[in-house]
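Open the model in your viewer and keep the selection panel at hand. The tour goes stop by stop.

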Amino acid sequence: MLYLHDVWVNWFEGEENGYSVCHFHEWRKEDKIELLDQVPLLYITTPLFNYIENDMQDLPKALLDTIHKRAFIRKGPQRNVLEYACVITDGNDVLALDTVGYQIPIRKSRIIPRQEMLVYDMIENTKQQNFRFDEKSYQKEYHMLSMSPELIYGLTRRERQLKQLLMMALDQLKTSDNLEELRYWLTEWDPKQYPYIRYMDENQAWDSLYEGVKHGWSQAHEELCHKLVKGQPFLEKIWELENDQANQKQKSKNQ
């Protein structure tokens, strides 16, 4: 078995989509970086890699058996064993995972570029391991709270976070099923439609609003997001955290 040593990881917990597991250039000073003292490296097939990277389903039992208690994490002078953790690659991309004792990849992380290159060097003369999973019946499903990658690609970490926040706020708006509220927010988003908005029913207003905001990210998206989360403590907190990060980053640039 192949092993990597002294691997820096930045765990993203409960993220089912790979686009939410930030690459090294998007890591932040406030992130909790950990050091894997030793971790098994698995060279797997691309369908299995995509299944692990972009979902939160059970891992193949044979894979779990292969990595069982073979990874160690370093915390100060202590070296603790991890029940199921490894680094996987399909030869095109690299991902670290930790199940936290379960059978699903609860925590995922990218690794630093130098170690990524080491991974590719290590697998150069090895064969892919074929861990069986139910590939034929598996189909990834996207929805408003788990957006399709095409709606996310090209956005920065902050923009992705705020877009997910906007979708959470829109989901609450949809659940309320309040026609006047839907018309109000659609007018906020696209005032030019006002002559038609007042004749729209709930479905028409919702479809027009969602179809209008789901692509890209702009100042208009940000303003709508800010207005929608006002008065909702949990959503407001996420907004504040992201903007505190942005303000700190700007201060650092100006110094």
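How many helices and strands does the secondary structure of the protein chain come to? There are nine helices and seven strands, taken as DSSP runs (H or I of at least four residues for helices, E of at least two for strands) and numbered from the N terminus. This is a predicted model, where local features need pLDDT of at least 70 and side-chain atom pairs count only at pLDDT 80 or more, while totals for chains, interfaces and linings use all residues. Residues are numbered from 1 along each chain as its sequence is written, and side-chain values use heavy atoms, with hydrogens and water left out.

**Whole chain.** Zoom out. Along the principal axes, the C-alpha atoms fill a box of roughly 65 × 55 × 30 Å. Of the 255 residues, 46% count as buried. Buried means under 20% relative accessible area, exposed over 50%, and partly exposed in between (1.4 Å probe, protein chains only).

**Helix α8.** Select residues 219-229. Buried here are His221, Glu222, Leu224, Cys225, Leu228 and Val229. Look down the axis of α8: its buried residues fall within an arc of 165 degrees, so they line one face of the helix. The arc is that of the directions from the helix axis to the C-beta atoms. Just after α8, pick Gly231, which takes a positive phi of about 85 degrees.

**The core.** Now select Leu166, Leu170, Leu209, Val213, Leu224 and Leu228. These have the most contacts inside the largest nonpolar core, which has 31 residues. Such a core is a set of buried Ala, Val, Leu, Ile, Met, Phe, Trp, Tyr and Cys residues joined through side-chain atoms within 4.5 Å. Colour α4, α5 (179-189), α7 (202-213), α8 and α9: each supplies at least two residues of this core. α4 gives the most, with seven residues.

**The largest pocket.** Which residues lie closest to the centre of the largest pocket? About 860 Å³ of space lies in this pocket. Of its 32 lining residues, Phe12, Glu15, Arg157, Gln161 and Glu242 are the closest to the centre. On a 1 Å grid over the protein atoms alone, a pocket is an open set of points with protein on both sides within 12 Å along at least five of seven lines; a cavity is a set where a 1.4 Å probe fits but cannot get out; lining residues have an atom within 4 Å of a point. Grid points are joined across faces, edges and corners, and a volume is the space filled by probe spheres set on the points.

Show β2 (12-13), α4 (157-176) and α9 (233-254), which each supply at least two lining residues. The largest share, six residues, comes from α4.

**The cavity.** Select Ser20, Cys22, Arg157, Arg160 and Gln161, the lining of the largest cavity. Its volume is about 30 Å³.

**The cysteines.** Stay on Cys22. At 3% relative accessibility, Cys22 counts as buried. Its sulfur is 17 Å from the closest cysteine sulfur, in Cys225, too far for a bond. Cys225 is also buried, at 0% relative accessibility. The whole structure has zero disulfides, a disulfide being a pair of cysteine sulfur atoms within 2.5 Å.

**Last stop.** Return to helix α4 and pick Gln164. Gln164 is buried, with a relative accessible area of 19%.
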